[in-house]
Amino acid sequence: MENKTARESVIYQIYPPSFMDSNNDGWGDLNGIATRIPYLHQLGIDTIWLGPVYDSPMIDNGYDIRDYYKIDPKYGTMEQFESLLEQLHHIDMKLIMDLVINHTSDEHPWFEQSRSAKDNPYRDYYIWRPAKSDGTEPNNWRSFQNESAWTYDEQTDEYYLHLFDRKQPDLNWEHPPLRQEIYKMIRWWLDKGIDGFRLDAINMISKHPDLPDASEDDPHPIGQKYYKNGPRIHEFLQELNRETFAHYPHILTIGEAPSLTMEQVLEYTLPDRKELNMVLAMDMMRLGKDPHDPWRSADWSVSQLKESVAKWYEHVFARGEYGVYLSTHDHPRMIPDVVGHHEHNMTAAKLIATFLHLIPGVPLVYQGEELGLPNTTYDRIEDYRDQGTVHYYEEAVANGQSAEKVLSGIHKRSRDGSRSPMLWDHQHHNFGFSPDEHVEPWIPFPEKRGLKGYSVSEQEEQRGSVLSYYRHLIAMRKQFPIMSHGSFTMLLKDHSEVFAFIREWQSQRWLILLNFADIEAEIDWTQEYRVFPTSMVKILGNYPHTAHPPHLEEEQYIEDLQYL
Ligand code: TEU
């Protein structure tokens with residue numbers, strides 16, 4: 001995709017199990033998504049990133065693929081997929097799919113072959129090693145679930161590597177026939193006319209060939225320095241690009257590649273390197289997380305957020321693309337972490353929305369964020385669905401920690417926090433998630449009484465809702481290129497609560513002031529204010545009745561913005 005178009009887009013992430021169910025099984029599906037196209041259209045987004053909908057045993061909600069060429073029956077059929085794609089294209093919306101090629105499900109036929117015998121032709125599609133001479137695992141790497149990254153398989157008396165769950169064995173990219181199979185599959189999807197991919201865990205596909213032991217003091221998960229951005233990663237990505245993406249010039253490829261230095265970001269994204277169009281700026285999501293223990297929260301400050309935004313801008317913006325986001329299906333929703341001390345969630349939701357859409361980078365909106373949904377917490381472990389969460393709970397309780405304490409960590413950090421179903425219609429018992437309102441969704445809704453005002457139906461009716469604010473911000477991006485192309489200058493660098501900056505583009509100059517504290521902020525303008533010598537016009541704010549051009553009522557004013 002050309003840079004200009006990529007940079008101007010707003011991407012919306014659909015997490016398929018939780019978006020919309022059309023057939024009353026409590027599980028989101030493709031036809032459900034199709035019924036919500038008008039909603040997506042009105043929101044104004046131009047690209048959908050659809051989570052994995054391939055055939056899968058669903059131990060990781062589809063990130064464990066059994067058949068790349070088939071739609072999972074829980075989601076529907078290939079015909080339904082094609083119809084959805086066609087309907088989206090009809091209104092000029094793009095669809096990118098999740099591409100999970102670091103691993104498959106252990107139920108993928110390749111793995112079934114691979115594990116059956118050492119001399120099976122598929123053996124080297126995966127990474128097998130014998131035990132060390134002392135009988136222990138081939139090395140001390142830990143998986144993202146914080147177990148050993150190796151599982152022993154009796155059939156051939158060897159271990160296979162899995163960076164994620166034991167039911168997600170890692171593919172062996174060192175093996176050329178595997179790579180060719182992957183390229184074939186990617187071309188097959190691109191030939192269907194999809195508009196690109198979000199590449200899952202893509203910087204982990206090249207492992208250090210010796211698979212060495214790591215230091216036990218390394219950040220979680222131990223071993224990552226030997227497989228993140230490994231020795232052959234760029235060779236693999238350039239080959240992948242040459243064999244697939246290069247033949248489809250209008251597609252968009254977004255890499256999920258955690259823990260990159262800025263130099264590494266450029267290696268993945270500089271156009272002349274011919275690898276990916278952009279990567280996701282993930283380090284902001286690490287704020288508030290203890291690097292050694294994913295279940296512990298850490299203190300974070302607005303200054304860290306400033307550093308991260310400035311760093312990406314300075315090193316990448318002029319030369320490559322990157323995506324910015326506030327939450328995904330892997331992270332708790334950001335509001336409690338970032339602005340938990342705010343009394344008014346909806347105001348806070350608009351604050352972080354303004355942040356997301358006004359900082360440099362392509363914004364990715366995760367479903368429900370446009371409603372200001374808070375993070376979901378459950379009081380009983382039985383209500384959690386994420387494997388990693390359940391493993392952690394069982395292990396911690398078995399090690400003598402109190403269930404209450406473990407749950408309180410889970411409340412802050414579990415991936416399920418952002419996975420409860422969309423709230424479409426408050427008049428239905430199940431918020432319109434399934435047509436039959438008595439159907440229970442696969443994961444419970446949060447406590448009902450806390451949800452007043454959050455549904456689409458309520459926010460459609462309510463002037464000044466978070467939903468209307470998102471619609472507005474997204475429409476503004478189309479109208480004002482400054483939001484995608486403008487330069488960025490940080491102001492008030494040392495202020496501990498206020499995030500202030502200027503964007504400039506051609507003759508426009510915007511000042512963005514974000515107060516992350518829930519009290520009024522003191523600002524010394526003597527230096528910064530001088531760049532705005534003439535009168536300023538307020539064009540957007542998250543408090544309804546603060547200053548705006550005095551001759552206009554708020555409502556008229558918001559409408560008039562269209563014509564600014
Ligand atoms: O996540 C990969 C990833 O990089 C993880 O670090 C992620 O941040 C972690 O799971 C958070 O706890 C991707 C998908 O987004 C995730 O849903 C999958 O479980 C994972 O890959 C395996 O496919």
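How far apart should the ends of helix α6 be, at 1.5 Å a residue? I began my notebook there, keeping in mind that this is a predicted model.

**Entry: helix α6.** I looked up residues 176–191, the 16 residues that make up α6. At 1.5 Å a residue they should span 22 Å, and I found the end C-alpha atoms 23 Å apart, so the two values agree.

Entry: Next I traced an open sheet of three strands, and its order reads β6-β8-β7, with antiparallel pairing. The edge strands are β6 (128–129) and β7 (150–153), each of them pairing on one side only. I followed β6 across to β8 (residues 158–161): the two run antiparallel and are joined by two bridges. For Arg 129, I noted Tyr 159 in β8 as the bridge partner.

Entry: I turned to α8 (residues 262–269) and α10 (residues 302–317), whose axes lie 10 Å apart. Their packing angle is about 45°, which means α8 is oblique to α10. I also wrote down that the crossing of α8 past α10 is right-handed.

**Entry: around the ligand.** Last, I asked which residues surround the ligand. My list has Asp 60, Tyr 63, Val 100, Phe 144, Phe 164, Asp 200, Ala 201, Glu 256, Pro 258, His 329, Asp 330 and Arg 415. Sorting this shell gave me six nonpolar residues, one polar and five charged.

Definitions and conventions: Residues are numbered from 1 along each chain as its sequence is written. This is a predicted model: local features need pLDDT of at least 70, side-chain atom pairs count only at pLDDT 80 or more; totals for chains, interfaces and linings use all residues. A residue is near a molecule or strand if its C-beta atom, placed from the backbone, lies within 6 Å of it. Ala, Val, Leu, Ile, Met, Phe, Trp, Tyr, Cys and Pro count as nonpolar, Asp, Glu, Lys and Arg as charged, and the others, Gly among them, as polar. Helices (H or I, at least four residues) and strands (E, at least two) are DSSP runs, numbered from the N terminus. The expected span of a helix is 1.5 Å times one less than its number of residues. Two strands pair if DSSP finds at least two bridges between them. Axes are lines fitted to C-alpha atoms, for helices over the stretch in contact, and angles run from 0 to 180 degrees between N-to-C directions. Angles under 35 degrees count as roughly parallel, over 145 as roughly antiparallel, 65 to 115 as roughly perpendicular and the rest as oblique. A crossing is left-handed if the near helix is turned anticlockwise from the far one by less than a right angle, and right-handed if clockwise.
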